[in-house]
Amino acid sequence: MPSDRRGSLTGGAAPAAIRGWAGASARVRARRVAVLGTAMSLATCGALAVVLFTPPAGAQSLPATGGTGAGAATLGKTDDAGHGLDPSGKPMSAIQWLSKSVTTPAAPKTQVPAGTPGVLPGAVSTSVLNQGPALDAVGLLPVRTTGFPRGLWGKTPTAQLIRLIRGTDLDTLPALQSLFTEMLLAEVDAPDDSTGDGSLLLARIDRLLDEGALDQAQALLELAGTGRADLFRRKFDVSLLLGDETQACAQMKAQPDVAPTFPARIYCLARNGDWSAAALTLKTAEALGFVKGDMANLLGRFLDPALEEDSDPMPPPARPSPLVWRMMEAIGEPMPTTTLPIAFAQADLRENIGWKSQLDAAERLARTGAIPANRLWALYREHEAAASGGVWDRVARVHMLDDALKRGNAGAVEMALPEAWKSFREAELEVPFARTYADRLAKLRLTGQAAQARFEIALLSKDYEALSKTLPAPTPRDRFLASLAQGHPSVDAAPNAMGHAIAQAFAEPPPVPQDLADLVANQQLGAAILNAIGGITNGAKGDLAGVTGGLALLLKVGLVDVARRTALQLMLLDRRG
């Protein structure tokens, strides 16, 4: 493998004197380190001794591999929604795959003997300097945008909110997913019991990472500031996946409040082109026992292309952190993101990644709303389909439908639309499809299957209410759907049990369950909405009482548009898990 293959990662290949050090015997490696040390000035060596040879705080507790255990020889599995799964079969959460990149330095313990001159006796009055808004109140979307009251969290205990946020099912209806994301991003007051420690903010950021919404998580982190280790740890990993590691490494170097662990320190030294310091740091970490096993092997190959060329491929870790994943990519053994948590899919949207991988990643992210529909469609339209089946069929059908719409040929649209709609329904990309085509399709005179598909597409679009009043609704089911879009469905007209449960929720007044009503009355609106989201999500899988109660709560608190879109999606989408 060419020695300059890391040029895009590090800004240049490692010097020849450094590239071969990791593959040598312990005695030879020690001699090379000594030679490198004597080649530096005494002042430089002294500085390196302080910066490089001082173990990071908490280094002794680091696992040998940072997520690449000796027994982790196989890739992880995914569920039907494309989430990476942990060994128990549950979707992996952000706190399971974040890199152990930094630790919080221990505060020095200073003891002043009693009676020491110059020490103030007795109680000392103190005041808190203005530190800006509490971390738990940091948000991107102001009240005028979301419509949420500033007291959204109110009296709900912070610990309970964190459990609700972490427990919310991400495999849910698009309208509920969008509502949940808005709550995570809302700029509202911290809970009444908040201590300002940022625990709720961290839970919100981690859930955004679980959705793959890295841009949104990064924006929250920028607002909150990343002077704390727990916040910077997330910023570092988001930067790795988005391809912004240069900035993250620069911030790590300039920020004394966070202590980089050895793997992160070595990576950033190499990323900045300081291969000598990276090699010395790895040697020191190995000698002190802070880096060993698979992580030592990976770092050695990362710094030494020759070692990689002469060795068997590394077994792919089952649960790589973003740092491990990026180094695996750098040594020429990239891991597919399809089996990893959805946040890793963001890395496949980089311009240097192949088109097919970009398409697969964009589809995963569009399902959760992490990227807008127009970004996915820009990729579909970039090239012609290179093969058939799966995503290639969707590319071909997008081109065919686009061409028919561009020509204004209703006959060609009638030929292309049914198959395109079927293909995107199977991929669970109905809502992005509707947002892309509903307006243009509504202007055409269509018949047969194309007209039926156009009607369903219109009801899944943002203009569902207006379009329901203008498009034909020939069947009783269609007329029920149109009345639902307009907010007055009839229980008697419901075509099935789901429709009956939905129509009950739209009664006046909405039949809100007592437990949810009590939460609202007790100034716990956010908790009530999160419980309603859970009830509706479970209702889509069979608990119809949860559908009625959850929709009724949304209507009661003024989230009428969300309630209608959710109800339409319950009728039109198959999201039964």
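## Handedness and geometry of the α13–α14 packing

Helices α13 and α14 cross in a left-handed sense; a crossing is left-handed if the near helix is turned anticlockwise from the far one by less than a right angle, and right-handed if clockwise. Helix α13 covers residues 262-271 and helix α14 residues 275-288; the two pack at an angle of about 160 degrees, with their axes 7 Å apart. Therefore α13 is roughly antiparallel to α14, a description used for angles over 145 degrees, while angles under 35 count as roughly parallel, 65 to 115 as roughly perpendicular and the rest as oblique. Axes are lines fitted to C-alpha atoms, for helices over the stretch in contact, and angles run from 0 to 180 degrees between N-to-C directions.

On the α13 side, the contact is made by Phe262, Arg265, Ile266, Leu269 and Ala270, and on the α14 side by Trp275, Ala277, Ala278, Thr281, Leu282 and Ala285. Contact here means heavy atoms within 4.5 Å. By class, the residues of this contact comprise 9 nonpolar, 1 polar and 1 charged. Ala, Val, Leu, Ile, Met, Phe, Trp, Tyr, Cys and Pro count as nonpolar, Asp, Glu, Lys and Arg as charged, and the others, Gly among them, as polar.

## Basis of the model

The model is predicted: local features need pLDDT of at least 70 and side-chain atom pairs count only at pLDDT 80 or more, whereas totals for chains, interfaces and linings use all residues. Residues are numbered from 1 along each chain as its sequence is written, and side-chain values use heavy atoms, with hydrogens and water left out.

## Overall architecture

The protein chain contains 30 helices and 2 strands. These elements are DSSP runs numbered from the N terminus, helices being H or I with at least four residues and strands E with at least two. Of the 577 residues in the protein chain, 52% are buried. Buried means under 20% relative accessible area, exposed over 50%, and partly exposed in between (1.4 Å probe, protein chains only).

The accessible surface of the protein chain is about 25600 Å², and carbon and sulfur atoms account for 54% of it. These areas come from the Shrake-Rupley method with a 1.4 Å probe; for residues, only the protein chains shown count as cover. Among contacts between residues at least 6 apart in sequence, 70% join residues at least 24 apart.

## Ala278 within helix α14

Ala278 is found in helix α14 and is buried, at 0% relative accessibility. Not counting residues up to four places away in sequence, Ala278 touches Ile266, Leu269, Ala270 and Leu303. Its C-alpha atom is 8.2 Å from that of Cys268, 10 residues apart in sequence.

## The α11–α17 packing

Helix α11 (residues 229-242) and helix α17 (residues 322-330) have axes that come within 9 Å and cross at roughly 30 degrees. Therefore α11 is roughly parallel to α17. The crossing of α11 with α17 is left-handed.

Phe236, Asp237, Leu240 and Leu241 of α11 make the contact with Pro322, Leu323 and Arg326 of α17. The residues of this contact divide into 5 nonpolar, no polar and 2 charged.

Leu185 belongs to helix α8 (residues 174-185) and is buried, with a relative accessible area of 7%. Leaving out residues up to four places away in sequence, Leu185 touches Gly139, Leu140, Leu141, Arg204, Leu208, Gln216 and Leu220.

Lys556 lies in helix α29 (residues 544-556) and is exposed, at 55% relative accessibility. Beyond neighbours within four places in sequence, Lys556 is in contact with Pro510 and Val512. The C-alpha atoms of Lys556 and Pro510 are separated by 6.3 Å, although these residues are 46 apart along the chain.

## Backbone features in loops

Most residues other than glycine have a negative phi, and most peptide bonds are trans. Glu428, in the loop between α21 (410-426) and α22 (430-442), has a positive phi of about 55 degrees and is partly exposed at 34% relative accessible area. Gln523, in the loop between α27 and α28 (525-539), has a positive phi of about 60 degrees and is partly exposed at 46%.

A cis peptide bond, with omega about -10 degrees, joins Glu508 and Pro509. Pro509 is found in the loop between α26 (497-505) and α27 (514-521).
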